[in-house]
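Welcome, and thanks for taking a look at this one with us. Here is a short briefing on a few local features.

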Amino acid sequence: MARPIVGIITNHYLLNDEYPVHAGGVMNTEAVSDLSGCIPMLIPTDPKYVSVTELLETCDGFLFTGGRPNVHPEEYGEDETDAHGEFDRARDAIALALVRACVERGQPFLGICRGFQEVNVAMGGSLHPEIRDLPGRMNHRMPPDGTLEEKFEHRHTVSFTDGGVFHRLMGAQEVMTNTLHGQGIKTSGSRVVIDGRAPDGTPEAIYIDGAPGFTLAVQWHPEYEAAQDPVSRPLFAAFGEATHAWADGRKLRPAQVA
Ligand SMILES: N[C@@H](CCC(=O)NCCCC(=O)O)C(=O)O
């Protein structure tokens, strides 16, 4: 029997500054296939080619991946400034509506980095354009130079709510994570539960209160060397379990997979 399908929300990029592609990291593909036990299917994230309705019918779960372009501030009622950097309006158009539909239906998703930020904005929250400029905050961006190992190395702890969803899922209240982002949650969206924070208070782990399905999202990148990482493995395994349940006509809330 075919494995359930996880739609991987891709990013629009220009290869060699001229050739347009919809790109998804192999790390995501590998984690979904090997740890979640699902078919990883790359989605061309643009309303010109796919609709949210089609995606909900075609896929069992969704991985909202990381991506350099930021969610456009108009999506949370703010004006565009230079600090907001580059955008991917086509991805915004699909991803935000898709998050809301999944929350409503109980269809599982896992949000990563930009995907984490999308979940918050989709639920009515807002983002800081550059969190390292805020008093008391550390720089969460990746080092501009260096190897992949250096960019994705563990750089800070994340502390989870005592007895909360992430604490139970990880079997630890504090974990070490990588960090490769400039933006962060400013105001949390409706029903967005901040269940984990970095030492400087930056929100790192969220889920949607009362959602009938799996709605976990993290600000770090669990897809990096996921099979070797004690934090990534339970996260992708739980997402896989929830996606298998959806394919079987059941819904698993975050608390049920923890
Ligand atoms: N743009 C947001 C999100 C950061 C993010 O997802 N980084 C991963 C980039 C991976 C890649 O380049 O494909 C922010 O900076 O906060």
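Predicted model: local features only at pLDDT ≥ 70, side-chain atom pairs only at ≥ 80, totals over all residues.

Residues are numbered from 1 along each chain as its sequence is written.

**Helix 7**
- Helix 7 (residues 232–247) has 16 residues and reaches 22 Å from first to last C-alpha, close to the 22 Å expected at 1.5 Å a residue (1.5 Å times one less than the number of residues).
- Helices (H or I, at least four residues) and strands (E, at least two) are DSSP runs, numbered from the N terminus.
- Among the buried residues of helix 7 are L235, F236, F239 and W246 (buried: 20 or more other C-beta atoms within 10 Å; exposed: 12 or fewer; partly exposed: in between; C-beta atoms placed from the backbone).
- G249, with a positive phi near 85°, follows helix 7.

**Helices 3 and 4**
- The axes of helix 3 (residues 89–105) and helix 4 (residues 114–122) come within 9 Å and cross at roughly 65°.
- That makes helix 3 roughly perpendicular to helix 4 (65 to 115 degrees).

- Most residues other than glycine have a negative phi.
- C113, in the loop between strand 6 and helix 4, has a positive phi of about 55°, and C113 counts as buried with 24 C-beta neighbours inside 10 Å.
- R191 has a positive phi of about 70° and is partly exposed, with 15 other C-beta atoms within 10 Å.

Key: Axes fitted to C-alpha atoms, helices over the stretch in contact; angles between N-to-C directions. Parallel < 35°, antiparallel > 145°, perpendicular 65-115°, else oblique.
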